[in-house]
Amino acid sequence: MVHLIQATFAMPNSPFSFLRSALQLVTDPSAQDNAFKQMDQALKFISTEVQANRPNPSDNLPTAVKSGLLSSEEKTLVAGLMRVNHVGEVCAQALYQAQAQATNNPALKEVFIEAAKDEADHLAWTGQRLSELGAQPSVLNPVWYAGAYGLGWVAGKMGDATSLGFLAETEKQVEAHLTTHLKKLPAQDHASRAIVEQMRLEEAGHGHHAAQLGGTPPALPVRLAMRFMSKIMTTVAQRI
Ligand SMILES: [Fe+2]
Ligand SMILES: [Fe+2]
């Protein structure tokens, strides 16, 4: 019996893995060090400190085209849409960081960390566009980050196939959402459109990659719940 309990406790994807991680945090100095690093990263991602490693897709546009003439209503609309996209990238960063922490597979951990680098560029580009528009990121970014980190960690602890499937579905929903933004953005706002178009291509790539690596598609109720939560997030983030 004792052996059975010990074996269950040691299984990477058992419900006890949550308890084991919590115990590690209390007793293991390296786990505490890692938790502080995660918190430090979180503070960076929810601030405006993130620097892109690649050029902003709108950088090549001539200044006259980039600044495009937007009415004040259009500016408000674009600021809202780009704030939503910025929040999406804050959440993507949290999901990838959490999923990288949750997996015990070093190769998969590396996949999440690499993908998070693309998302950091998206975060920086959308943040840059918001400041060009004189708009602020969402004041609720710490809440979005914490919620997404929790979801990513739980998905990660449910096993690599589930974690990858959750990621593939997230990216699929983000890609569809960015497609609707391309329809809503004013035609003359070439700067926002260039950023969103590049992000849409890369989100599709992340989704295909996760599916190819063996992601199991989430069940319909989970997909619907993800859509519902995304609807709440986009509706709120467009305003604050
Ligand atoms: Fe992204
Ligand atoms: Fe992505």
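## Basis of the description

Residues are numbered from 1 along each chain as its sequence is written, and chains are lettered from A and ligands numbered from 1 in the order in which they are written. Since the model is predicted, local features need pLDDT of at least 70 and side-chain atom pairs count only at pLDDT 80 or more, whereas totals for chains, interfaces and linings use all residues.

## Overall fold

The protein chain contains ten helices and zero strands, where helices (H or I, at least four residues) and strands (E, at least two) are DSSP runs numbered from the N terminus. Along the sequence the pattern is accordingly written α-α-α-α-α-α-α-α-α-α.

Of the 240 residues of the chain, 37% count as buried; a residue is buried if 20 or more other C-beta atoms lie within 10 Å of its own, exposed if 12 or fewer, and partly exposed in between, with C-beta atoms placed from the backbone. Two residues are in contact if their C-beta atoms, placed from the backbone, lie within 7 Å, and among contacts between residues at least 6 apart in sequence, 82% join residues at least 24 apart.

## Nonpolar cores

A nonpolar core is a set of buried Ala, Val, Leu, Ile, Met, Phe, Trp, Tyr and Cys residues joined through C-beta atoms within 7 Å. The largest such core has 41 residues, of which C91 and A94 touch the most other members. At least two residues of this core come from each of α5 (72–102), α6 (106–132), α7 (141–157), α8 (160–184), α9 (190–212) and α10 (220–237), and α5 gives the most, with 15 residues. Apart from this core lies another, of six residues, among them L164, L167, A168 and A210.

When neighbours within four places in sequence are left aside, A94 is in contact with Y145, A148, Y149 and G152.

## Helix pairs

Axes are lines fitted to C-alpha atoms, for helices over the stretch in contact, and angles run from 0 to 180 degrees between N-to-C directions. The axes of α5 and α10 are 8 Å apart, and the two helices pack at an angle of about 130°, which makes α5 oblique to α10; angles under 35 degrees count as roughly parallel, over 145 as roughly antiparallel, 65 to 115 as roughly perpendicular and the rest as oblique. The crossing of α5 and α10 is right-handed, a crossing being left-handed if the near helix is turned anticlockwise from the far one by less than a right angle, and right-handed if clockwise. R83, V84 and V87 of α5 make the contact with M233, T234 and A237 of α10. By class, this contact of α5 with α10 has four nonpolar, one polar and one charged residues, where Ala, Val, Leu, Ile, Met, Phe, Trp, Tyr, Cys and Pro count as nonpolar, Asp, Glu, Lys and Arg as charged, and the others, Gly among them, as polar.

Helix α9 takes part in two further pairs. The axes of α6 and α9 come within 11 Å and cross at roughly 165°, so that α6 is roughly antiparallel to α9, and the crossing is left-handed. Residues A115, D118, H122, W125, T126 and R129 in α6 meet A191, S192, I195, M199, E202 and H206 in α9, a contact with five nonpolar, four polar and three charged residues. The axes of α8 and α9 come within 8 Å and cross at roughly 155°, so that α8 is roughly antiparallel to α9, again with a left-handed crossing. Contributors to this contact include L164, L167 and A168 of α8 and M199, H206 and A210 of α9, and its residues divide into eleven nonpolar, four polar and seven charged.

## Loop residues

Q188 lies in the loop between α8 and α9 and is partly exposed, because 13 other C-beta atoms are within 10 Å. Although Q188 and L69 are 119 residues apart in sequence, their C-alpha atoms are 7.1 Å apart in space. M158, in the loop between α7 and α8, is partly exposed with 17 other C-beta atoms within 10 Å, and its C-alpha atom is separated by 9.1 Å from that of A102, 56 residues apart along the chain.

P218 is found in the loop between α9 and α10 and is partly exposed, with 18 other C-beta atoms within 10 Å. Not counting residues up to four places away in sequence, P218 touches G165, F166, E169 and R223, while the C-alpha atoms of P218 and A161, 57 residues apart along the chain, are separated by 9.9 Å.
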